[in-house]
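Thanks, everyone. Please have the sequence and the structure open while I talk.

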Amino acid sequence: MKSFVVLLVLALNLQDSIASPDLLTEKRAEHEAFGTNWCRHEKKRIHLNGMGTETGYCVGNGFVHAQFKTLDEAKEAFDRRPIGTCGGITLDIMTKLYTLRRGPVVLEDSDTKDVSWTPCTKAEKAVKDEIKQKEIGWDLYDGRYLGEYCTSKYAYKTLEEAKAAYRHTNPPGKCGGITYENLSGKYTLRQGRDPQDSTSGEMTWYPKRDGSWKVEAAGKIEWFRHENKKIRLGAYCQKGFSKYKFKSLEEAKKAFEAGPAGQCGGITLETKKKRYTLRKGTVLDESEPGAKQVSWTPCTAEQKSILKAEAAKNKGWIKNDGKYLGGYCTSSHSFNTFDEATAAFRHTNPPGKCGGITYENLSRK
């Protein structure tokens with residue numbers, strides 16, 4: 001009977017080691033609910049506090065091992081330590097081991113592309129939760145990878161580009177998922193279907209089985225508007241797109257976001273033909289004389305800051321780009337600046353009797 005029990009336990013442990021995506025999702029949810037909430041730091045290592053490599057690791061107090069082959073093992077060992085014993089985990093790329101290191105945590109730049117994990121601060125957790133809410137259709141497996149590359153072009157600079165490429169394979173979703181290689185800094189399409197433990201700190205995004213990965217996150221791209229500018233027309237965006245010209249800005253933006261990543265530079269309104277066009281270029285030229293064209297491009301970091309400041313200044317107003325309100329309101333209805341228009345709106349009789357404010361790019365009022 002005793003040998004039967006031993007065999008049964010071994011069999012259960014073996015079954016548990018063959019981790020399906022569903023089982024991994026269940027384990028991860030349980031760990032986040034009852035264990036440490038982790039934040040990842042690329043190209044960083046936790047300083048060993050100048051005490052030598054042996055004393056800088058989390059050993060002692062009955063704990064012998066501080067080096068592990070997998071991230072999951074290291075995280076479980078961290079949670080078994082008394083609170084405050086360890087500062088976090090660093091993957092030593094040279095040895096391919098996940099190491100528990102003492103606190104207090106001092107993160108140093110790593111020339112060897114080490115990766116570290118520390119318990120999230122309150123601020124870090126808020127950012128992490130915000131990012132998680134925007135993730136649609138994908139499960140993240142930190143410290144895991146999928147085997148074999150998929151498709152002839154498989155490496156991308158950003159996760160969004162990789163996701164878009166995944167959705168546009170033929171047939172859609174023929175690849176297993178996406179793995180981030182921290183050594184190359186690329187997001188790669190992979191054939192594998194079972195996330196495996198990584199010795200180099202890779203991350204994997206696995207598509208949800210309900211097919212929700214097919215739906216792109218709403219409002220994914222922040223757009224910046226360029227008055228009297230056109231995107232230099234090297235060519236329209238046609239490869240991978242069913243059409244490149246649209247009657248509304250909203251339609252053009254949706255097509256841009258749903259299309260193959262990296263194919264288009266932005267959108268230009270051709271005012272004479274009254275159509276919004278997807279264009280490959282990224283160079284902005286002055287609009288043709290009298291045409292008063294308008295263009296939209298994905299925001300740079302600096303442009304995002306400009307929009308944020310603008311939104312704070314114009315608090316109380318909702319901006320609907322590419323839309324207009326019908327019919328002028330009041331005898332004096334045209335103003336040179338937005339501030340003048342908002343002041344006039346507030347001082348109508350009764351206040352706010354007009355529906356809103358529309359900027360006419362042709363009259364510039």
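Start with K254. Its relative accessibility is 55%, so K254 counts as exposed. Keep in mind that this is a predicted model.

What does the side chain of K254 meet in a salt bridge? The partner is E250, at 3.7 Å from N to O. Both residues sit in helix α7, which covers residues 249-258. They are four residues apart, about one turn of the helix. In an α-helix, with 3.6 residues a turn, residues three or four places apart point the same way. E250 is partly exposed, with a relative accessible area of 41%.

That salt bridge is one of 18 in the structure. Here is another: E286 with K229, the closest N and O atoms 2.6 Å apart. This pair links distant parts of the chain. E286 is in strand β20 and K229 is in strand β16, 57 residues apart. E286 is exposed at 54% relative accessible area. K229 is partly exposed at 24%.

D142 forms a salt bridge with R40, and their closest N and O atoms are 2.4 Å apart. D142 belongs to strand β8 and R40 to strand β1, so the bridge ties together parts that are 102 residues apart in sequence. Buried here means under 20% relative accessible area. D142 comes in at 18%, so it counts as buried. R40 comes in at 19%, so R40 counts as buried too. There is also a network: R40, E42 and D142 are linked by salt bridges.

Stay with β8 for a moment. Which sheet does β8 belong to? It is an open sheet of five strands, in the order β8-β14-β11-β12-β10, with antiparallel pairing. β8 (138-142) and β10 (155-156) are the edge strands. Each has a single partner strand, so one side of each is left without a neighbour in the sheet. Helix α6, residues 159-167, packs on this sheet. α6 touches β8, β10, β11, β12 and β14. The direction of α6 makes about 20° with that of β12. In β12, T188 is the bridge partner of A155.

On to the disulfides. How many does the structure hold? Five. Number the bonded cysteines in sequence order, and the pairing reads 1-4, 2-3, 5-6, 7-8, 9-10.

C39 and C120 have their sulfur atoms 2.1 Å apart. The torsion about their S-S bond is about 110°, so this disulfide is right-handed. C39 lies in strand β1 (residues 38-42), and C120 in the loop between β7 and α5, so the pair ties together parts 81 residues apart in sequence. Both C39 and C120 are buried.

C58 and C86 are next, with sulfur atoms 2.2 Å apart. C58 is in the loop between α3 and β3, and C86 is in the loop between α4 and β4, so parts 28 residues apart in sequence are tied together. C58 is at 1% relative accessibility, so it counts as buried. C86 is at 10%, and also counts as buried.

Then C329 and C354, at 2.0 Å between sulfurs. Their S-S torsion is about -80°, so this disulfide is left-handed. C329 lies in the loop between α8 and α9, and C354 in the segment after α9, so the pair ties together parts 25 residues apart in sequence. C329 is partly exposed at 24%. C354 is buried at 12%.

That brings us to α9 itself. Which residues of α9 are buried? A341, T342 and F345. Seen down the helix axis, they fall within an arc of 95°, so they line one face of α9. After α9 comes a segment that includes N349. N349 is exposed, with a relative accessible area of 68%. Its C-alpha atom is 9.5 Å from that of T330, which is 19 residues away along the chain.

Last, two backbone notes. N228 has a positive phi of about 55°, although it is not a glycine. N228 lies in the loop between β15 and β16. K292, likewise not a glycine, has a positive phi near 50°. K292 is in the loop between β20 and β21. K292 is partly exposed, at 27% relative accessible area.

Terms used: Residues numbered from 1 in each chain as written. Predicted model: local features only at pLDDT ≥ 70, side-chain atom pairs only at ≥ 80, totals over all residues. Heavy atoms only, no water. Disulfide = S-S within 2.5 Å. Buried < 20%, exposed > 50% of the residue type's maximum accessible area, 1.4 Å probe, protein only. Arc of directions from axis to C-beta. Pairing = 2+ DSSP bridges. Contact = heavy atoms within 4.5 Å. Axes fitted to C-alpha atoms, helices over the stretch in contact; angles between N-to-C directions. Salt bridge = Lys/Arg side-chain N within 4 Å of Asp/Glu carboxyl O.
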